[in-house]
Amino acid sequence: PKRRSRKPDTQTAIRPDQPRSRSPHDKKERKPPAPPPAAGLEARVMAVDILDNVLGRGKTLDEALGATQSGARQRELPARDRAFARLLATTVLRDRGRLSTVLGRFLERPLPREARRAELILLSGAAQLLLLGTPGHAAIYLAVEQAQRDPKAERFHKLTNAVLRKVADQGPKILTTLDPVTADVPEWLLARWSRTYGEETARRIAEASLHEAALDVTLKSPSEAAIWAERLKGTVLPTGTIRLEEHGPVEELSGFAEGAWWVQDAAASLPARLLGDVAGKRVADLCAAPGGKTAHLASLGARVTAVDHSVPRLKRLDANMQRLALTDRVRTVQADILDWRVPERFDAVLLDAPCSATGTIRRHPDLLHLKTSADVERLGKLQARFLTAAAAMVAPGGKLVYCTCSLEPEEGEQQIAQFLAENADFARAPIAAADVGGVPEWVTPLGDLRTLPSHLQLEAPYKSGMDGFYAARLVRKA
């Protein structure tokens, strides 16, 4: 028999481009997409990402900032939001001890290890409520919203709400009972400073280290200090550095684009000055990037060979020299100075050796969580090798300046004592107060430079303090 073709039922047929109506047996419909994030939420997510990289993955703050800010979403954030994210992250790193203590009063039990993101959201919320002056309703709402949107913190969003409400209500009173020095500075580090400098000075160092650093700039033309202090609304320090009272993005400040100055802490501006008159001389700047000391030497007329092992950091140095119009006086070399061999010795060598950087906690609060006493010992051995390599590059009668931004004597005074004991062809060339801005407090009895974060106390509104630096000036006998 002839087969009849079946025509589709016009009442039930579905076109390929027409959605099919769902029956009670169909799977549950997908959730509608989440609404766009509330204002300020992305900045707080960015802050937690920075903290996760530092506290969870052991990255430095600079590495964490670079990794976080390279994301497409973060690059689209307004500069104001990116600045807030950085401020929030550094506040948590600087005051984590006290913040954790306050939060602990309202947690029945510690959060599990896998709840790190939830813990960081709580720390960020507490920092806003207790230290940054964020309105309570905004800080709590955004923290809860952030937890709800984070797959690794979602199940803790109700806890986040409950705990932060208690922090807003009772936290300020608890915070006043906590000592920042003992709560936020690692015990091993505070004990070291007490042994080296005495308990009173150690406490002043710790207190200064727990305050955010000011923005200092070094001028290409020091004779214009008064002019630039007025333009930048800053004050001239004894080092000739300009310290700014307030500032927005560095790139937008007067004088940046035309290369009139570079960012450099007041203490970091001193080592290059210790080489004296370098005009026309061949000078090696070892471990040179990002280039503050290179710029200083070149601006004084030196012919500088800037050496660093890091290609990305040397690219940054090159960019700085181009902005400052100093490329004609600077040659860059990518090399490990332990392996680098020079065809001709230099008139002067400046070695800013890798160190524990405990003198720079004001601007690198991640050090409070990343460094240990074992790092001081390990780096001390490396510094001895670097110092020997640097000394081999100095011509007879030439100068060698060794410096570190560490407060630990094993990375400073003890290095020089050991080196001089083993190298009779070198002698210390004592530093005078006149060499470092006329401040006797910065010069040790042996004639070395030793600045502390508690030095350079200024009246408000200018932020006080400076990086902790050590430097010794040596001369190779002719």
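User: How are α1 and α2 oriented to each other?
Analyst: This is a predicted model. Helix α1 (residues 41–56) and helix α2 (residues 61–69) pack at about 135°, with axes 9 Å apart. Angles over 145 degrees would count as roughly antiparallel, and 65 to 115 as roughly perpendicular. The α1 and α2 pair is therefore oblique.

User: How many nonpolar residues does the contact of α1 with α2 have?
Analyst: From α1 come Met46, Asp49, Ile50, Asn53 and Val54; α2 brings Leu61, Ala64, Leu65, Ala67, Thr68 and Gln69. Three residues of this contact are polar and one is charged. The nonpolar count is seven.

User: Is α7 roughly parallel or roughly antiparallel to α8?
Analyst: Helix α7 (residues 136–149) packs on helix α8 (residues 157–175) at an angle of about 160°, and their axes lie 9 Å apart. The cut-off for roughly antiparallel is over 145 degrees. So α7 is, relative to α8, roughly antiparallel.

User: Which hand does the crossing of α7 and α8 have?
Analyst: Contacts on the α7 side include Ile140, Ala143 and Val144, and those on the α8 side include Leu164 and Ala168. As α7 passes α8, the crossing is right-handed.

User: Is Asp467 buried or exposed?
Analyst: Asp467 lies in the loop between β11 (449–451) and β12 (469–476). Beyond four places in sequence, Asp467 touches residues including Asp265, Arg362, Arg363 and Thr451. Buried means under 20% relative accessible area. Asp467 has 4%, so Asp467 is buried.

Notes. Residues numbered from 1 in each chain as written. Predicted model: local features only at pLDDT ≥ 70, side-chain atom pairs only at ≥ 80, totals over all residues. Heavy atoms only, no water. Helix = DSSP H or I, 4+ residues; strand = E, 2+ residues; numbered from the N terminus. Buried < 20%, exposed > 50% of the residue type's maximum accessible area, 1.4 Å probe, protein only. Contact = heavy atoms within 4.5 Å. Axes fitted to C-alpha atoms, helices over the stretch in contact; angles between N-to-C directions. Parallel < 35°, antiparallel > 145°, perpendicular 65-115°, else oblique. Nonpolar A, V, L, I, M, F, W, Y, C, P; charged D, E, K, R; others polar. Left-handed = near helix turned anticlockwise from the far one by under 90°.
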